[in-house]
Amino acid sequence: MRGTIYEHVSGGDPKQIPSLTYEQLRAFHAKNYHPSNCCFYSYGDLPLTDHLAYLDQEILNNFEYRTDSAATRVNTEGFSVLRKTKEDPELIVIRGPSSNMSGEAADPNTKFCMSKFVDVSSTDPFPTFVLRIVGYLLTHGPASPLFKALIDSNLAQDFSVGTGFDTSTYYPTFGVGVEGIEGGETAVPAIRKAVHDALEKVVAEGFEKERVAGLLHQLELSLKHITGNFGLQMMHGISSVWAHGGDLIKNLQLNPLLERLNEEMARNPKFLESYVRDYLMRDDLREVQMLMLPSEDFVRDQERRERENLAAKLIEQSNSDLDRIARTTEKLERHQQKEQPLECLPTLTLDDIPRVEEGNFDHIDKTQLNSTSAEFVRVPSTNEISYLRLLFDMSALPQAYHQYMNVFTTVFGSLGTSRYAYDELPTVIANCSGGVSCSAMTAPSLTDVHGEPSKQSMLLGTMCLPHKVDETLSLLHKLLTDTQFLSEENLRQLRLILQSSASTASSSISSSGAGLAGTRSRVGLTPAGMYDELYSGLTQIEQLQKWAQCSDDELRRIARVLQDIARVVFSPDNLRLSVVTEDKLRSQVEQSLKSKLLEPLAGSWSLPDASSLTLAKEELKLPAVSPKNYFAFPVSVNFVVETQPSVSFTHEDHVPLTVLAQIMSSCYLHQQVREQGGAYGSGVSQNEGSFSMSSHYDPNTFKTLNAYAGARQWAASGEFSDRDLQEALLSVFASVDAPKTPSMKGRMSFLRGITNDMRQRRREQYLSLKRQDLVDVARKYFSEDAPEKRTVIIGKDGDDLHEFSDKGFDVQRFSSPEQ
């Protein structure tokens with residue numbers, strides 16, 4: 001992107017930010033963040049004229065029109081996507097943090113990306129639509145040509161960010177990025193050749209017809225499937241086209257694009273392949289290739305440079321400059337502590353919230369299909385889609401197996417059966433359904449979250465059109481009973497999935513640190529906390545790094561464990577069903593469930609001998625619990641979570657604690673941790689059995705911990721107003737009363753047993769809350785003698801870890817296994 005507006009780092013280059021002057025910052029903001037350079041978007045059933053009048057009166061009338069602001073463009077005059085020379089593009093090599101968990105395997109943070117401009121307008125709906133389809137067919141799933149060329153061939157562990165066709169910039173690009181490569185710079189020629197050869201093969205032999213049909217079937221489903229947050233999703237979908245000056249209406253209309261695509265493919269059977277040749281394989285277009293090599297010292301070197309930069313800046317300042325900076329800092333702090341004039345913002349009131357919201361109620365018919373409990377959720381329409389949920393109770397599964405649940409749910413539907421190979425299966429699934437999801441879930445007791453055991457289940461979900469129900473259910477039965485875990489090709493695929501999962505999990509730490517710290521902080525507080533940690537916590541990430549490097553014998557053992565899970569869990573006796581469909585389709589779906597799933601499942605399942613199970617004699621190793629934990633990773637900032645025991649879902653204090661969490665988050669922590677502390681974000685949440693405060697990308701850990709203590713004291717002192725309570729309740733109801741799509745109807749009733757009566761009681765309790773109710777629960781749970789809290793920090797592996805050890809933290813470095 002050199003030579004365009006995109007060559008600049010959108011969030012700012014840390015090395016350059018210290019040289020930015022106050023005057024430059026203000027001038028940049030005044031020009032670019034101005035109504036003359038704005039697009040206004042409104043969605044909903046409110047009168048448009050009222051919206052326009054408000055914008056005119058409250059915003060546009062308060063600004064003078066700026067010609068330079070209105071003239072801002074994202075395209076660069078004179079820029080060409082064509083190459084200036086015929087030489088190969090320069091290889092740019094940069095350094096980045098090590099994953100620090102890869103051991104002998106290739107570090108996932110060894111990444112390579114090659115990206116080429118595509119000579120097409122980013123606002124032209126049809127060619128960009130076709131190129132998105134082509135990009136999907138080239139890179140998505142184990143049957144895709146580039147997956148086979150790069151991942152199956154062991155040139156890399158997985159695709160990385162930058163893969164696919166991208167129109168978010170004015171100049172579209174097509175990129176192929178991979179991670180977990182061995183050999184560094186010496187591996188680049190082989191990767192480039194593999195990409196070129198794969199594209200040539202597609203042009204010569206074409207895409208598989210079944211994969212194209214599967215993608216078109218997914219597009220048909222997407223037109224009928226109703227999604228949540230429709231307005232927000234539409235805004236994101238059109239934002240690039242809008243900013244680039246394109247036709248919004250044409251880019252929103254999918255049916256004309258599909259019709260034209262079908263016409264073009266009927267005229268030219270190799271129409272899609274021609275786009276690969278004419279757009280992606282041109283050698284006269286500008287291209288960039290970049291290699292990132294990991295360094296164990298990256299974070300330390302970055303901190304050292306920042307200290308040196310700060311020291312140099314301080315030396316340049318005179319005493320009067322330092323006095324001026326101190327005065328400015330104090331002035332800023334006073335400004336940050338001032339109450340904001342919230343009355344200038346438009347808002348609802350509690351009078352706008354109805355006492356009863358019928359849209360929140362589930363209407364369910366409970367029945368028996370053969371001997372299986374089934375729930376049919378009544379909804380006005382699903383656009384003829386049937387949504388199927390299968391919930392398998394896992395109480396018969398020995399505890400040691402639960403540490404493998406994340407792997408099992410990941411590989412389910414990705415390993416071949418006796419009829420379909422692993423790389424054929426995704427295409428078969430795509431041609432009959434909207435995909436098959438699989439997840440492990442734990443359900444805490446609604447009434448006694450600390451005393452009663454939680455219930456662990458495996459949830460499968462899919463959706464399909466009426467003429468695909470039989471095919472979908474037959475395929476589901478085969479996945480449940482006929483997955484060939486121990487076949488040689490499935491073992492190879494299992495190894496690839498383990499390596500990819502380990503890489504993804506390692507990379508997720510820098511973006512999901514607060515969630516991981518929160519999960520770890522709940523271990524030992526409730527029975528459910530341990531399972532959440534095993535399914536999706538740091539324990540699972542650490543285990544994946546070991547499994548990614550396992551020997552062939554260890555791989556077979558993992559496969560046998562996965563086979564055991566299927567044999568034990570997928571029993572008709574463990575199964576409950578939930579179906580959301582239209583009344584006119586119910587009889588057909590019932591009959592299909594009986595004949596294509598339940599009867600074959602009952603006929604093919606037999607109880608395995610407990611002594612024959614792979615882990616029959618193995619004990620589950622639980623993560624150690626400590627009041628204070630610090631987990632060090634190669635990240636540059638910290639995620640800080642503090643959790644204490646709390647109450648069950650049906651407890652009378654759960655509702656006021658939920659509202660209090662909202663008030664503490666928006667009225668105290670945001671100012672203390674985000675605005676004054678410099679963290680990217682903060683939050684407070686009342687969960688089932690626990691109450692947590694968290695921060696994201698936090699540079700001031702100890703200041704944040706003090707803010708948590710201050711938040712509890714602030715709440716117990718009642719330093720919030722009736723308006724704060726009203727704002728918090730409106731925020732809660734924005735979530736509670738958010739429109740529910742047909743696919744989500746009946747879900748919480750089915751998974752958790754939350755009834756309409758429970759919902760209504762909670763609603764009435766929300767609406768009857770007074771400020772003093774919140775003060776009372778704050779004093780009850782945040783007093784000096786409150787139960788012992790847990791503090792978990794996921795943070796940088798720097799030179800100052802002794803500071804945390806000195807304050808009683810159990811510090812653990814997540815390093816390579818051999819270290």
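**Briefing: pockets, cavities and helix contacts**

The second largest pocket of this predicted model has a volume of about 1,800 Å³. Of the 39 residues lining that pocket, Ile-5, Phe-28, Asn-32, Tyr-33 and Thr-72 are the closest to its centre. Because the model is predicted, local features need pLDDT of at least 70 and side-chain atom pairs count only at pLDDT 80 or more, while totals for chains, interfaces and linings use all residues. Residues are numbered from 1 along each chain as its sequence is written, and side-chain values use heavy atoms, with hydrogens and water left out.

**Domains**

- The domain assignment, whose bounds come from an automatic or database source, gives domain 1 (5–69), domain 2 (91–294), domain 3 (296–332), domain 4 (358–604) and domain 5 (628–813).
- Between the C-alpha centres of domain 2 and domain 3 there is a distance of 43 Å.

**The second largest pocket**

- On a 1 Å grid over the protein atoms alone, a pocket is an open set of points with protein on both sides within 12 Å along at least five of seven lines, a cavity is a set where a 1.4 Å probe fits but cannot get out, and lining residues have an atom within 4 Å of a point.
- Grid points are joined across faces, edges and corners, and a volume is the space filled by probe spheres set on the points.
- The second largest pocket lies between domain 1 (5–69) and domain 2 (91–294), because both of them give residues to its lining.
- At least two lining residues of this pocket come from each of α1 (22–32), α3 (67–70) and α8 (230–243), where helices (H or I, at least four residues) and strands (E, at least two) are DSSP runs numbered from the N terminus.
- The lining of this pocket comprises 18 nonpolar, 17 polar and four charged residues, with Ala, Val, Leu, Ile, Met, Phe, Trp, Tyr, Cys and Pro counted as nonpolar, Asp, Glu, Lys and Arg as charged, and the others, Gly among them, as polar.

**Cavities**

- The structure contains five cavities of 30 Å³ or more, and the second largest cavity holds about 60 Å³ of space.
- The second largest cavity is lined by Arg-520, Ser-521, Val-523, Ala-624, Val-625, Ser-626, Asn-629, Arg-790 and Val-792, and the elements giving two or more residues to this lining are α17 (488–521) and β17 (790–796).
- Four nonpolar, three polar and two charged residues make up the lining of this cavity, to which domain 4 (358–604) and domain 5 (628–813) each give at least three residues.

**Helix contacts**

- The axes of helix α22 (residues 654–675) and helix α27 (residues 771–781) come within 10 Å and cross at roughly 90°, axes being lines fitted to C-alpha atoms, for helices over the stretch in contact, with angles from 0 to 180 degrees between N-to-C directions.
- Helices α22 and α27 are therefore roughly perpendicular to each other, a term covering 65 to 115 degrees, whereas angles under 35 count as roughly parallel, over 145 as roughly antiparallel and the rest as oblique.
- Pro-656, Leu-657, Val-659, Leu-660 and Ile-663 of α22 are in contact with Leu-774, Val-777, Ala-778 and Tyr-781 of α27, contact meaning heavy atoms within 4.5 Å.
- Helix α4 (residues 125–139) and helix α5 (residues 145–152) pack at an angle of about 40° with axes 4 Å apart, and Leu-137, Leu-138 and Thr-139 in α4 meet Pro-145, Leu-146 and Phe-147 in α5.
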